[in-house]
Protein chains: 2
Amino acid sequence: MAPPRAVVVVTGSELVRGDRRDLNGPFLARDLTRLGLEPDRVVVVGDQPEELAAALEDGLRADLCVVSGGLGPTHDDRTVELLAAAAGRSLAVDEDLAAEIEAFSRGVAERLKRPFGDFLPGIRKQASLPEGGVSLGLAGTAPAILLEHGDGRVAIALPGPPAELRRLWPNAIAHPAFAEILRRADAPARRSLRFFGPTESAVARVLDEHGGDGDGIEATVCARDLEIHVDLLVRRPGSEAAAAALAEALVEAFGDDLFATDDERPVEEIVLDLCRDRGLTLATAESCTGGLIGARLTDIAGSSDVFLGGVIAYSNDVKEQQLGVPGELLRELGAVSAEVGAAMAAGARKELGADVAIADTGVAGPGGGTPEKPVGLVFVAVESPFGGSTERFQLPGDREAVRARACALALHLIRRHLVAFDDSGS
Amino acid sequence: MAPPRAVVVVTGSELVRGDRRDLNGPFLARDLTRLGLEPDRVVVVGDQPEELAAALEDGLRADLCVVSGGLGPTHDDRTVELLAAAAGRSLAVDEDLAAEIEAFSRGVAERLKRPFGDFLPGIRKQASLPEGGVSLGLAGTAPAILLEHGDGRVAIALPGPPAELRRLWPNAIAHPAFAEILRRADAPARRSLRFFGPTESAVARVLDEHGGDGDGIEATVCARDLEIHVDLLVRRPGSEAAAAALAEALVEAFGDDLFATDDERPVEEIVLDLCRDRGLTLATAESCTGGLIGARLTDIAGSSDVFLGGVIAYSNDVKEQQLGVPGELLRELGAVSAEVGAAMAAGARKELGADVAIADTGVAGPGGGTPEKPVGLVFVAVESPFGGSTERFQLPGDREAVRARACALALHLIRRHLVAFDDSGS
């Protein structure tokens, strides 16, 4: 029997117009891949009926079709109605579900101090199910819905708000019809290698030289804020050894730049774990990244036992007064210099009482560049009980790219600094 | 003649697996919408040949098919080859293009201090064009390509790295074949209203009561980090007055909560402009958002003339030492309290020498909650020469949602504070 196929359909006019970032497609894609059901495609359509209907008809041909959005109370929420039509089912109000949604709505109305009447028109609409469909529970006023529509095929509709979708998604996975599809899926073995240093081309060349893609292995190489992510998927039983040999060839060529193997932790989480393992606290002093490093570190739950805080030192006065950067350094060398970067890191250590501090200073652009200090010039510096280190980079790209890359460089600088100390001390 | 139809195809296995966030689909969707060519759909497919081929064949039926990714030097970059096949064209190396890519690659090799040999295998591959296709220029080693494939239909392939794609996209728009499609598109009039305060349901009800969707108007309502975005698109000539009446009804119902009309600036940009207009400087004191507010503010080019910097005060020691929050407040009331929030804002004003300061403190979760201070409890505070204000919220959602919403609440608090002062002072 062929392995089951999955398709993700995401609906929302604000998404197809690019007005809003879609979080659900990537979440579902990642989780389906984890479960061994890598989707064939993720389709984003607006809420115009024709396009959504076409996407749903197409999606229902797959063994599993997961739909996000279009379940709300408003006129442009058409997923359930069009899903029923695509599956050839009629639509009817489920009275138990209506009662459940009504109770939920009363609670929301009370909490938000809004008139309950605001919710009334939506309740019967949101309690409508395609014939044979079941509710998977509520996380807002919209239920998640599962529909078996023949030959073991399953369609799942989930509410669009990402927090609601993520709350109800486990209920979908746990349903027997979904579990049956999963049973037929054979999750491919996967090897991941993460490098920081080599170019994408150089990595691709080594892959090619050692057999590369094909022969039952799917290899992808992807550059991401100066990291190179290599994934080797074993698509045919028996190709595990070839995948292992490919991975070994890459490690031989770029081992010094390898920072993670089969480890999906982002670098900020690796940095926090390295600090935690060593009993070290961490602080930041950010200029050109303006808070991005802190935001990435604190995005990780539990970061507060390592990360004390930081200073966003955008103006020179803040660099002087909050971080103790000498005024003469700023006047003589300018804020974008190796010396100021190092002084910012040293200042953050001292002023915030942290063991390790990271700093950056640079020209993110588009304005502010000079012939001596062009847009993209960035210094990152680390200071710790083991010493300090400063690096200069000339980064390509626009403001967003320069800032994201400066952030990655800073995080990898801490990582390498902490790992190097282990090596040298052993 | 029917208005032209557009489709966006984004390729990359790391995208269809959700390992990486797609920036190109939303960018292209937004820019096509701006040009009056709202895409029917945005399809993300992996680099497995069958799925990409199917998406391209399907995409080529539209008047305009814009493809992102799969143009690189590696074996899994198959866009050009499959595009040629879908259009029934042969593939041949363009020698002028090969020379151009070679010159570019030599420059990159030199700058990165990498052997030029790393680039050689990719050059002839990347210089291959479908018969009749033209290069739109280079931003990396991959050219953007435009192919007219019959009946005025156009396919455009752009490199996947977002900075390269954005650099070459204007060349695509400027091409006569693209211009001809644009000429046939009739950009719909669009009215945008942005509210901060009402619920999505309440806004939808007012829309419905006043005719809502249909009658030549497409209305979308979308909630985004506590903001409600309403867009009214005039789909049929003559419906402009109905759209104006709908907008007026919304303003009447929720005018106090309206913060932008036909203004696509995000709230952080509005805040920066409000400060700039008043000659005020701005500082942040972030606890639960950990740098997100600073990151959003400094994402805006030119923010440095208003934003001085901030303190990421994650630990209590940093709150005390960098922001002067009294230790007894922290001990008696705890870090997550209105008083500490206000003291953080006052401290940021004083210590960073800013006119206006914003602060937040809260429990982002998933850990750290107590019955008295549950996950989602957030205080935001603003201090300025005109006074101060503190607000308490119990936010739903996971860590990411709580942090994003706390950030939005803080930015809107500054906005309302500055606007209210104008009103009261006039």
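This is a predicted model: local features need pLDDT of at least 70, side-chain atom pairs count only at pLDDT 80 or more; totals for chains, interfaces and linings use all residues.
Q: Where do the domains of chain A lie?

A: The assignment gives domain 1 (6-184), domain 2 (190-261) and domain 3 (267-425).

Q: How many residues are in contact between domain 2 and domain 3 of chain A?

A: Domain 2 of chain A contributes 6 residues and domain 3 of chain A contributes 7 residues. On the domain 2 side there are 4 nonpolar and 2 charged residues, with no polar ones.

Q: Turning to the chains, how many residues does the contact take from chain A and from chain B?

A: Chain A gives 85 residues and chain B gives 85 residues.

Q: Which strand gives the most to the chain B side?

A: Strand E14 (residues 307-313) of chain B does, with 7 residues. By class, the chain B side has 36 nonpolar, 26 polar and 23 charged residues.

Q: How many bridges join E14 of chain A to E14(B)?

A: The two strands run antiparallel and are joined by 5 bridges. A:Ile312 has B:Gly310 as its bridge partner.

Q: And which strands form the open sheet?

A: There are 12, in the order E6(A)-E7(A)-E8(A)-E3(A)-E1(A)-E2(A)-E2(B)-E1(B)-E3(B)-E8(B)-E7(B)-E6(B), with mixed pairing.

Q: Why is one side of each edge strand left without a neighbour?

A: Strand E6 (134-138) of chain A and strand E6 (134-138) of chain B each have a single partner strand, so one side of each has no neighbour in the sheet.

Q: How do the E2 strands of the two chains run, parallel or antiparallel?

A: Strand E2 (residues 41-45) of chain A and strand E2 (residues 41-45) of chain B run antiparallel, joined by 5 bridges. A:Val45 stands opposite B:Arg41.

Conventions. Residues are numbered from 1 along each chain as its sequence is written. Chains are lettered from A and ligands numbered from 1 in the order in which they are written. Domain bounds come from an automatic or database domain assignment. Two residues are in contact if their C-beta atoms, placed from the backbone, lie within 7 Å. Ala, Val, Leu, Ile, Met, Phe, Trp, Tyr, Cys and Pro count as nonpolar, Asp, Glu, Lys and Arg as charged, and the others, Gly among them, as polar. Helices (H or I, at least four residues) and strands (E, at least two) are DSSP runs, numbered from the N terminus. Two strands pair if DSSP finds at least two bridges between them.
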